[in-house]
Amino acid sequence: MKTTTSTHKIPGYGSTLRTAKRLTEQAARLVNRSVPGTMCDVEVILTNERGMADLMTAADIALAGSADRRALQRAQRDAKRTARNIQAAAIPRPDGSALVLINADRHPTPAEFAVTLVHELVHVMQFSRKNVRERIVADLRDRLGIERQSRRHAREFERALEQDEREAYGREHLAAHLVPSAAAA
């Protein structure tokens, strides 16, 4: 389990990056002990909304495999729409590692950052479970129009996604161990 933390397209966030590196190391150890599964190598990138859209598009195309121009355009539109509404995202990579993108502009305090980081690291732990990566890739390929997915598999994916989100929200209380003022909502 190796964790790296960096920034993308946000100059002047040196102190935020130092805080993020410290919290990422602590959160990875805490989540690894508390959540069933195996923690893979994780790269945490702090960025802004536009940077999130760029990195999400690149990660989605890499995960989906071969993609044509229409799939790339669809991925870009989807990523821009998603980046407007979320604070962070955890994306599995084809090599078995994971990418965690965090919108630094939406986390003014270390406590809020810690809650989001714990939530996304729980998702990283879920990627190691049986058939999770395969389900994510199948849904992604369906969303990009590369390979159709049956309605039954789509419903199964939605149910599993809701269950994974409930688990991640349920583990946000662990952030209080990182930053005492972190109170999960």
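**Helix packing and nonpolar cores**

Helices α2 and α5 are roughly perpendicular to each other (65 to 115 degrees), helices being DSSP runs of H or I with at least four residues and strands runs of E with at least two, numbered from the N terminus. This is a predicted model, in which local features need pLDDT of at least 70 and side-chain atom pairs pLDDT 80 or more, while totals for chains, interfaces and linings use all residues. Residues are numbered from 1 along each chain, and side-chain values use heavy atoms, without hydrogens and water.

**α2 and α5**
- α2 (residues 49-64) packs on α5 (residues 132-143) at about 105°, with axes 9 Å apart; axes are lines fitted to C-alpha atoms over the stretch in contact, and angles run from 0 to 180 degrees between N-to-C directions.
- D60, L63 and A64 of α2 meet I136, V137, L140 and R141 of α5 (contact: heavy atoms within 4.5 Å).

**Nonpolar cores**
- The largest nonpolar core has 37 residues, and L121 and V124 have the most contacts inside it; such a core joins buried Ala, Val, Leu, Ile, Met, Phe, Trp, Tyr and Cys residues through side-chain atoms within 4.5 Å.
- The largest share of this core, 11 residues, comes from α4.
- Not counting residues up to four places away in sequence, L121 touches A27, A28, V31, M39 and V42.
- A second, separate core of 11 residues includes M52, M56, A79 and A83.

**α4**
- Of the 18 residues of α4, 16 are buried, so this helix is largely enclosed by the rest of the structure (buried: under 20% relative accessible area, 1.4 Å probe, protein chains only).

Conventions
Buried < 20%, exposed > 50% of the residue type's maximum accessible area, 1.4 Å probe, protein only. Parallel < 35°, antiparallel > 145°, perpendicular 65-115°, else oblique.
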